[in-house]
Amino acid sequence: MGSVDVLAAADCEQVLVVRDRATGATAVLAVHDTRLGPAHGGIRRARYPDLGAAVADAVALAQAMTWKAALAELPAGGGKTVLLDHDGLDRAAAYRLVGRAVDQLGGRYFTGPDVGTGDAELRFVAEATRFVAVPGRDGGPGDLAAATASGVFAALTALAERLPAPVRGLRVVVQGLGAVGWRLAGLLHAAGAELLVADVQPERAAAAAAAFGAHVVPPERVLATPCAVLAPCALGGLLTAATAAALPARGICGAANNVFADADAADVLHRRGVLVVPDFVANAGGLVRGALWHLAGERADDDRLRRIGRTAGELLDRSRTEDLPPPALALRLARERVARGALSPGR
Ligand code: NAI
Ligand code: PHE
């Protein structure tokens, strides 16, 4: 698909490609939809085969942020930045470049952390714009990854209630022990779950095993490991229709954005009775915390994050009565909410 088709297919408002002349650093900023409010989305630093692939990823991730904001009932839209990584990237220059581009957008788009981007990088962004959440900075929004993990935990608890099973003793595989997966593992451990963990960085899995009494699963065995719930907290594109057909888990609930690699995977899981909390429902905690801070100067408390569990539970119940896969249902509800918001007076 060409880049213009990618924008049309996702119905994306704006894409900015920026390049730092001195260092060659290149970034793509996608503003997917601002009908409910300013776009929000973090900065993903990753390697891409070419600019087209980076644009496609930025647009897909920004679109998911729009649905996430809509279902979390936030006056916010969806955006995302991807920063093209390569050996020798001048990080300071690259993140300052992103900061300048965010600033040019003048408040249409707020940014923050994502894969490959933490406080250290965000401080460079903040040199060039105020439209950024630096979680650890004094007066900042607080730990967005912790908020994300709390939301995933609330959603996973709602899923467990529908298996039905208590979280205590529940066998959960956490894939990816980064900022969110590590914190989720901690919450699950505290709640008495039986934890299995996997990471492509073996030292992270070993550390989680030591900290949380977890069993280590080799990363390539994640989809074959029997468990009650699989919690993907690494990168997206994990499940295809073929792997969904053989997945031994009874439920899926994690932080990874865009977890399905193809459109049929969710249908296959639904037909097999596997309960899926859509990623853009479960992982909204960071967005809730970031957006409320940007837009209202508020710090989202635990109660606000627990609402994610209620939303997930209602969605799973409705999915059963309407016999629709939860991701398809969630997408429909999100689109309806955006369309309604766009029509309401005062916007
Ligand atoms: P991170 O970069 O801190 O952690 C990712 C972890 O996954 C790393 O430890 C990495 O080694 C591991 N990993 C990568 N590929 C793997 C594989 N194939 N198998 C096992 N482990 C693998 O990222 P973070 O911030 O924890 O985010 C995780 C996911 O959650 C991403 O998809 C991100 O977009 C999403 N997310 C993050 C939010 C946040 O607040 N940080 C909010 C919403 C979504
Ligand atoms: N990157 C996270 C997400 O995908 C958290 C985030 C939300 C960062 C909003 C910045 C702004 O939800």
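Predicted model: local features only at pLDDT ≥ 70, side-chain atom pairs only at ≥ 80, totals over all residues.
**Ground rules.** I number residues from 1 along each chain as its sequence is written, letter chains from A and number ligands from 1 in the order in which they are written.

**Entry 1: salt bridges.** How many salt bridges does the structure hold? I find 19, taking a salt bridge as a side-chain nitrogen of Lys or Arg within 4 Å of a carboxyl oxygen of Asp or Glu. I looked up Asp-114 and Arg-44, whose side chains meet in one at 3.1 Å, N to O. Asp-114 sits in the loop between E6 and H4, and Arg-44 in strand E4 (residues 43-46), so that this pair links distant parts of the chain, 70 residues apart. My helices (H or I, at least four residues) and strands (E, at least two) are DSSP runs, numbered from the N terminus. Both Asp-114 and Arg-44 are buried. I call a residue buried under 20% relative accessible area, exposed over 50% and partly exposed in between, with a 1.4 Å probe and protein chains only.

**Entry 2: a second pair.** Glu-73 and Arg-337 also join their side chains in a salt bridge, at 4.0 Å, N to O. Glu-73 lies in the loop between H2 and strand E5 (77-84) and Arg-337 in helix H13 (residues 326-343), so the pair ties together parts 264 residues apart in sequence. Glu-73 is partly exposed at 48% relative accessible area, and Arg-337 is partly exposed at 25%.

**Entry 3: a network.** Arg-318 and Glu-322 form a salt bridge at 2.9 Å, N to O. They are separated by about one helical turn because they are four residues apart in helix H12 (residues 302-322). Which residues are linked in a network of salt bridges? I list Arg-318, Glu-322, Arg-332 and Glu-336.

**Entry 4: a lysine without a partner.** Lys-68 lies in helix H2 (residues 51-71). Lys-68 is buried yet has no salt bridge, and the nearest side chain of opposite charge, Asp-114, is 6.4 Å away. For charge, I count Lys and Arg as positive and Asp and Glu as negative, leaving out His and the chain ends. Setting aside residues up to four places away in sequence, Lys-68 touches Asn-257, Phe-280, Asn-283, Ala-284 and Leu-287. Contact here means heavy atoms within 4.5 Å.

Entry 5: Is Gly-112 buried or exposed? Gly-112 is buried, at 4% relative accessible area, and is found in the loop between strand E6 (109-110) and helix H4 (119-128). Beyond four places in sequence, its contacts include Gly-41, Ile-43 and Leu-122. His-270, in helix H9 (residues 265-271), counts as buried at 18%.

**Entry 6: a cavity.** My search of the whole structure finds one cavity of 30 Å³ or more. A cavity is a set of points on a 1 Å grid over the protein atoms alone where a 1.4 Å probe fits but cannot get out; lining residues have an atom within 4 Å of a point. The largest cavity has a volume of about 40 Å³, and its lining includes Pro-232, Ile-252 and Asp-279.

How values were computed. Heavy atoms only, no water. 1 Å grid on protein atoms, 1.4 Å probe; cavity = no way out; pocket = protein on both sides within 12 Å on 5 of 7 lines; lining within 4 Å. Points joined across faces, edges and corners; volume = space filled by probe spheres on them.
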